[in-house]
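Hello,

Here is the structure I said I would pass on. My notes on it follow below.

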Amino acid sequence: MRKMNNKSAIRLLYFGAVLALFSSCNSDDDDDDTLGNWVKKSTFNEESRSSSTAFTIGNIGYMGTGYDGSDYYKDFWAYNMDTNSWQQLSDFPGLERSSATSFAIGNDGYVGTGYNGDTNDELSDFYKYNVDTNSWTTIADFGGSARYGAVGFGSDSYGYVGTGNDGSDKKDFWKYNPISDSWEEVFGFGGDKRKDGVTFTIGNDVYLATGVSNGVYETDFWSFNLDTEAWTQLTDVDDDDEDYVYRSNAVAFTMNGKGYVACGEYSGSLSTVYEYTPSSGSWVEKTPFELFARRDAIAFSDGARAFVALGRNGTLYLDDNMEFFPNAEQDDDDN
């Protein structure tokens with residue numbers, strides 16, 4: 001057997017060291033990879049659109065209205081998370097519109113406000129959707145000014161609507177009582193006026209973030225307790241190093257006790273996704289939305305599963321639908 005000389009041994013040791021370093025770097029990179037996987041689901045049955053409104057009851061996501069760059073809509077649909085299928089329901093009874101708001105109280109959904117550019121009007125009418133009978137009932141008009149781009153959320157007993165734009169940006173909040181069919185103004189939060197913000201609910205706390213006012217993206221972050229109806233200011237959703245969470249026209253949802261803000265607009269359409277953990281008050285970046293970046297999308301979530309669908313990127317209106325798995329590794333083969 002040929003004896004290895006000193007130069008050959010040194011070369012072999014050097015080559016082994018380089019391989020070890022390369023392997024270590026790859027391992028570190030893997031550890032630093034963001035988690036989250038997006039899986040393509042059933043495409044929406046009808047016209048691509050943005051600025052629809054949506055709410056979830058049980059394992060069914062409900063959505064309707066919207067705009068496709070030319071026409072406003074009033075059709076209404078259900079997406080079944082278990083069967084991965086869409087079903088058309090009774091049309092929304094109000095005027096066609098975009099940027100409406102919605103919420104659920106128990107097993108009833110509520111949809112109202114919004115904008116119809118054909119009449120050049122902000123809207124204040126509101127309607128209740130009965131899941132069992134697939135029927136709509138007119139309820140009292142929204143208690144505040146007619147507006148679009150507001151946020152809405154519900155509890156077991158009441159619905160809440162606030163912020164938005166009625167020709168100027170707003171920050172007031174109103175509570176809807178389904179027993180008396182009436183609206184009552186409640187104390188608003190101490191933050192800035194805005195439109196096109198988002199909320200997500202974890203337990204008895206509703207978190208309000210993002211939005212835009214007079215071209216300024218809002219960075220303040222608030223929680224609203226459904227029992228006490230008191231607002232608490234939290235740490236802003238930006239830092240000194242990066243643009244981070246703030247944006248407008250995003251979607252938000254809750255899964256397994258954590259909140260998520262996805263997509264939206266910040267000097268262009270976004271695909272980034274951030275996860276909020278209330279116990280630590282921290283945000284973590286997740287795998288970005290894996291199809292087109294988008295704004296004005298919709299989201300469905302039953303607390304354990306979440307879906308993001310529709311929206312637009314510039315003048316491209318979208319009809320796709322993706323399910324998010326926040327703790328899975330990214331797998332491009334799913335799309």
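In this predicted model, strand E20 and strand E21 (residues 258-265) run antiparallel and are joined by five bridges. One of the residues involved is Thr-254, whose bridge partner in E21 is Gly-259. The two strands belong to an open sheet of four, in the order E20-E21-E22-E23, with antiparallel pairing. Strand E20 (251-255) and strand E23 (282-286) are the edges; each has a single partner strand, so one side of each has no neighbour in the sheet. On average, neighbouring strands here are turned by 25° against each other, ignoring direction.

Next, the aromatic residues. The structure contains 50 aromatic pairs. A pair of aromatic rings is described by the distance of the centres and the angle of the planes.

One of the pairs is Phe-142 with Trp-174: the ring centres are 6.1 Å apart and the planes stand at 65°, so this pair is edge-to-face. Phe-142 is in the loop between strand E9 (135-139) and strand E10 (151-154), while Trp-174 is in strand E12 (residues 173-177), so the pair ties together parts 32 residues apart in sequence. Both Phe-142 and Trp-174 are buried.

Phe-253 and Phe-324 are another pair, with ring centres 6.4 Å apart and planes at 70°, so they too are edge-to-face. This pair links distant parts of the chain, since Phe-253 is in strand E20 and Phe-324 in strand E28 (residues 321-325), 71 residues apart. Phe-253 and Phe-324 are both buried.

There is also an aromatic cluster made up of Phe-55, Tyr-62, Phe-76, Phe-92, Tyr-127, Tyr-129 and Trp-136.

Two charged side chains sit over rings. The charged end of Arg-49 is over the ring of Tyr-73, 4.1 Å from its centre. Lys-175 lies over the face of Tyr-158, at 4.4 Å from the ring centre.

Asp-125 is in strand E8 (residues 121-130). With 16% relative accessibility, Asp-125 counts as buried, because the cut-off for buried is under 20%. The side chains of Asp-125 and Arg-97 are joined by a polar contact of 2.8 Å. Leaving out residues up to four places away in sequence, Asp-125 touches Gly-94, Leu-95, Arg-97, Val-111, Gly-112, Thr-113 and Asp-141.

Thr-43 is in the loop between strand E1 (37-40) and strand E2 (53-57). Its relative accessibility is 32%, so Thr-43 counts as partly exposed. Beyond its neighbours within four places in sequence, Thr-43 is in contact with Trp-86, Asp-319 and Asp-320. The C-alpha atoms of Thr-43 and Ser-85 are separated by 8.7 Å, and these residues are 42 apart along the chain.

Which residues have a positive phi although they are not glycines? Ser-99 is one of them, with a phi of about 55°, and Asn-134 is another, with about 50°. Ser-99 is in the loop between strand E5 (85-88) and strand E6 (101-105), and counts as buried at 18% relative accessibility. Asn-134 is in the loop between E8 and E9; with a relative accessible area of 28%, Asn-134 is partly exposed.

Regards

Notes
Residues numbered from 1 in each chain as written. Predicted model: local features only at pLDDT ≥ 70, side-chain atom pairs only at ≥ 80, totals over all residues. Heavy atoms only, no water. Pairing = 2+ DSSP bridges. Axes fitted to C-alpha atoms, helices over the stretch in contact; angles between N-to-C directions. Buried < 20%, exposed > 50% of the residue type's maximum accessible area, 1.4 Å probe, protein only. Contact = heavy atoms within 4.5 Å. Polar contact = N/O pair within 3.5 Å; in protein donor to acceptor, adjacent residues only side chain to side chain. Phe/Tyr/Trp six-rings, centres within 6.5 Å; stacked < 30°, edge-to-face > 60°. Lys NZ or Arg CZ within 6 Å of the ring centre and 35° of its normal.
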